[in-house]
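Here is a short tour to read alongside your viewer. Keep the sequence and the model open side by side as you go.

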Amino acid sequence: MQERGQKVIVSNRKARHDYAILDTYEAGIMLQGTEVKSLRLGRASLVDAFATVDDGEIFLRNLHIPEYTQGSWTNHEPRRTRKLLLHKSEIERLIGKTREGGLTLVPLRMYFSDGKVKVELALARGKKSYDKRQDLAKRDAQREISRVVGRRAKGME
């Protein structure tokens, strides 16, 4: 039976706080069998993960997929480097953008799409601390506005 739709395995919420997202890409990822089984159980961590460009290929580093509990000697190494699968034109575009300077490749989330594991990769620029404070202030102001509008709609004010 073939799976349909998307099922999110793990998302990197801190990345949206620490980076200004400029562009996103969907990439496949080369995995071993026990890694996929571990991901089906929803076990992974993108906390320290980042992508690098080596010899015209893109690799995901520091992605933690814990060992599969029922695995035997064929189990995988939890923090091994994994190759990302993108079209050549996308890879060339990403290489050009990251060489410009100040831009990094950050994984935002991992998910199953029609039974295949995909990684949402973002081209991002690191935020300064004052940018983070501005974003928090905007979010708080927006929350307060929606709260007042909701009260008015209910006739409480």
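Which residue just after helix 2 takes a positive phi? Gly-42 does, at about 80°. This is a predicted model, in which local features need pLDDT of at least 70 and side-chain atom pairs count only at pLDDT 80 or more, while totals for chains, interfaces and linings use all residues. Residues are numbered from 1 along each chain as its sequence is written, and side-chain values use heavy atoms, leaving out hydrogens and water.

**Helix 2**
- Helices (H or I, at least four residues) and strands (E, at least two) are DSSP runs, numbered from the N terminus.
- In helix 2 (residues 33–40), Thr-34, Glu-35, Ser-38 and Leu-39 are the buried residues; buried means under 20% relative accessible area, exposed over 50%, and partly exposed in between, with a 1.4 Å probe and protein chains only.
- These buried residues fall within an arc of 140° seen down the axis of helix 2, so they line one face of the helix; the arc is that of the directions from the helix axis to the C-beta atoms.
- An α-helix has 3.6 residues a turn, so residues three or four places apart point the same way.
- The partners that the buried residues of helix 2 pack against are strand 1, strand 5 (82–85), strand 6 and strand 7, where contact means heavy atoms within 4.5 Å.

**Strand 6 and its neighbours**
- Nine of the 11 residues of strand 6 are buried, which leaves this strand mostly covered.
- Strand 1 (residues 6–11) runs antiparallel to strand 6, joined by five bridges; two strands pair if DSSP finds at least two bridges between them.
- Val-8 has Tyr-111 in strand 6 as its bridge partner.
- On strand 7 (residues 116–126), strand 6 pairs in the antiparallel sense over 10 bridges, and Val-106 has Ala-122 in strand 7 as its bridge partner.

- Most residues other than glycine have a negative phi.
- Strand 6 and strand 7 form a hairpin with two residues between them, and Asp-114 in the turn has a positive phi of about 55°.
- Asp-114 is partly exposed, at 31% relative accessibility.
- Asn-62, in the loop between strand 4 (57–61) and strand 5, has a positive phi near 65°.
- Asn-62 is also partly exposed, with a relative accessible area of 31%.
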